[in-house]
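Dear colleague,

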Amino acid sequence: MTAAEARVDRVDRVDPVDPVDREPVLQVRDLHVTFSTGAGDARAVRGVDLDVFPGEALAVVGESGSGKSVTMLALLGLLRGARVTGSARYRGTELVGMDVARLRQIRGAKVSMIFQDPMTSLNPVLTIGKQLGLVMRAHEPGMPKRIARARAIELLDQVAISQAARRCDSYPHELSGGMRQRVMIAMAIANNPEVLIADEPTTALDVTVQAQIMELLRDLQHEHHLALVLITHDLGVVAGSTDRVAVMYAGRVVETGAVDPLFGHPGHPYTRGLLACLPRLDERHDIQSSIPGIPTSPLSLPPGCPFAPRCSYAEAACTDAEPALAPHHQTLAACFVTTRVAADQEVTAP
Amino acid sequence: MSTIALPAPRARRRRPPWLRGGALIGVISVLVWAIVALTLPLWTPFDPTAPAGPRLMSPSWDHLMGTDALGRDVFTRALWGSRTSLPIALIVIVFSVILGTIVGAAAGFLGGWIDAVLMRFVDITMAFPPILLAMAITSSLGPGVRNALIAMVLVWWPIYARLLRAQVIAVRQREYVESAEAIGAPRFLILRRYVLPMAYTPVLVNATMDFGQVVLLTASLSFIGLGARPPSAEWGAMITEGAVSFYDWWIAAAPGIAIILVVLAFNFIGDALRDSFDVKEIAR
Amino acid sequence: MPFLLLGIATIVFIVSRLTHANPLVSIVGERNLNNETIVNAAKRRWGLDQSVPVHYVKYMQNLLRGDMGTSFTTRRPVLSDLWDRLPATLELTFVALFIGVVIGVGLGVLAARKRNTIIDHAARFIALMGSSLPAFWAGLIVLYVFYSKLGWFPGPGRLDPRTTAPDKITGFFTVDSLLHGDFALFRQSVGHLIMPASILGWGVVGIVTRLVRASLLDEFSMEYVRVARAMGLRERTVVNTHAMRNALLPTITIVAFAFAFLITGAVLTETVFSWPGVGSYAVEASRKLDFPAIIGVTILGGVAFLVTNLISDVAYAIADPRIRLS
């Protein structure tokens, strides 16, 4: 059984997007992010193309250092001291190079981001209500206190926090990790954004809480027709919650496609390796497989395909040039070998 | 993974802490003062104790900072002040560190009631504003440089005791010390070979930062009349003389400027050291 | 805490005892050694004709009753001397603390926000000067320049010469003159306060600026600051509401430390500005070897330090909700 067939059927998957609404709400083209360090230039993102469509859930998958977080932080202008080139458009408006004042209006109101560690993401000396109020007033400056508080309670209800009124006056350290993450989500949707970027929202939480948070995110997505960008290294989360996947490695997207085809027939060797690493309850494995080698450093990239040193399919051509995304069955993969094989198969298929 | 270890955004080859920016100025200044203090008898412009010109002359090309009430060259005396103030500060710090190390290491290493008693003592001593305690001790012992020295050491050592104790406790819990103890190494050896060398960095940082403050304290005590006294060429005492002839401003200005230069230099060094080590001042 | 108080008194006792061959000297003074009546009275009161432990006990008993001996120079009980002179010092230190903290926080915020620019370096230099300046020397120079030469500010003392002080309600000339409705006097007392308080305050600026800058920079790297920016908060809001609230917590403790520093600085500044406070009392006592007075002031200093520490601990506990609610 393939991974696609073995997972529990997602009944609550978001329906395919209305063809009329096929205009991407976020469009990233050839994004490059470079940091100058004492040891030279670190190229964290090297030409990333991404599309995020309204109402859909896109997973950006990769290991530490793949550039997945940096991409999103860069388009919101949240990186200090980084050189960002290329294009990142929100509904046609170019975000790269935008001045902070205008970016500020987009952050939290049109494109929101939540982060990984709920313990440190909330200010310990301010109440939950106050922090929610700050976010609301940042985009609606004149909001009276009473209304702000009422809305805050409403938001806390929406994210399924019980006793919302009481929690409003609590301090972050009085809440559990899961509740704090819900508060963050509440802050993120307070101004009805179109896009919600979730950077590893469940990594710091218990497994049971993880499921709850993911369910919450999906519910919110439905209710508000949100586009969700889920950054994660956990493929298990991806399977049940997203529509499309982009796999990143060494600062580039190496494979992209809809969830089912990608899980079913992964094109890039890295994706195959990731999927093979997923522990399975329904099959017997004697040895836990892993991808040999170590991730590349953005400071010193090997020539050609950055995955070649760890790839069991690597050929001579792989160190000559870096492959671009090419069709592989129903996905796009950046690999000379597998796409060539796929192309051959298409030709010879009956 | 939003808490990525992003590389530092500004590329700058990092020079060692004592050579960067302000610290460099500080280090050079200190070296200059040290050289001046050591070599002054060889090239002193005038005799600091004997009259060199008409009295109370304002600054001129002959006498860069004028002359005082006895006709002595003020600039020369200000330079000579370094031969009193700097060694005094050095002695105070050295003895404070030694005494503080003994007490602090004993407290940290031996623990138990010894620790409790010694630390109580430290706490009590540190509860006094330094100058008041120094004044009390010095006036009890009798005014003079030697007694001021004793008083300052008695005031200053607790800071190092606390610092040492914290360091000893921290280092002692490290594994290499535990393994040394496990193979039966004698305790004193462990202390000397392992614990103390590691513990010394913050002490050095603090001592450097303290140097300036000790110079200030010495001058303050002398100003009040409890430390060095006229006709000694100590900066604080000179300022007292200057306060008497208030309108002949240069008499007080020169030693004051000298103090500021020295203390600033050490503060620059200390600031830079602190920035790079990020030493949260444990003892304060 | 009570133990520390005990310890303070004991240390002072040891200091006064160990350094005199004849403890009588420290109580009645050299001049009175031949006066039988005084000597005998002292012996009885202080238990001098008995052993050291008894002396100690008597000493502590007297302390508890508020008896710190009689000053040689003023011939009054040390405690009354201190009580009389305390308001002057408090007025000076409070104003200095206020000036120092306000300017210090301002400079610290400025330095943190404009990190590594020329403004940052300038602010840090100003702070560094505050820690390097000999307060007494700065006082002299300032008096010379701004009073003698330029005449911008009034001279030494709390009021102009031959001016009567307001009737004592609090002992703070500023407050008392306001309470009496005497605005001219108020302005005069403020004018006299500015220079010494500024000199003292500069030292406070030295400590506070560095701490605020460091705390703020710590805050800026905090995750919740990044989250706030991601949610679209204005930088000003991020600094003032998020960062400052946390950065100010350690500042509370440093204010206690600054207070102790101020007591130290006050000793010298009061001398230079002829300010009739506890500090100049200590200096006069030292010069004249008036031991009861010296001892009294030292004990007072220790107690004041302990009290301020206690207050700051309490204030910190109130301000930090993590501690308050646990």
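How many bridges join β6(A) to strand β7 of chain A, and do the two run parallel or antiparallel? In this predicted model, four bridges join β6(A) to β7 of chain A, which covers residues 195–199, and the two strands run parallel. Within this pair, A:S112 is found opposite A:L196 of β7(A).

Both strands belong to an open sheet of eight strands with mixed pairing, whose order in chain A is β6-β7-β8-β3-β9-β10-β12-β11. Because β6 (111–114) and β11 (326–328) of chain A each have a single partner strand, they stand at the edges, and one side of each is left without a neighbour in the sheet. Leaving direction aside, neighbouring strands here are turned against each other by 20° on average. Helix α2 of chain A, residues 68–75, packs on this sheet and touches β3 (57–61), β6, β7, β8 (227–232) and β9 (244–249) of chain A, while its direction makes about 140° with that of β8(A).

The other finding concerns the contact between chains B and C, to which chain C brings 37 residues and chain B brings 39 residues. On the side of chain C that touches chain B, at least two residues each come from several helices, including α1 (2–18), α6 (118–132) and α11 (235–272) of chain C, and α13(C) gives the most, with eight residues. Sorted by class, that side of chain C holds 26 nonpolar, ten polar and one charged residues.

With best regards

Technical notes:
Residues numbered from 1 in each chain as written. Chains lettered and ligands numbered in written order. Predicted model: local features only at pLDDT ≥ 70, side-chain atom pairs only at ≥ 80, totals over all residues. Pairing = 2+ DSSP bridges. Axes fitted to C-alpha atoms, helices over the stretch in contact; angles between N-to-C directions. Contact = placed C-beta atoms within 7 Å. Nonpolar A, V, L, I, M, F, W, Y, C, P; charged D, E, K, R; others polar.
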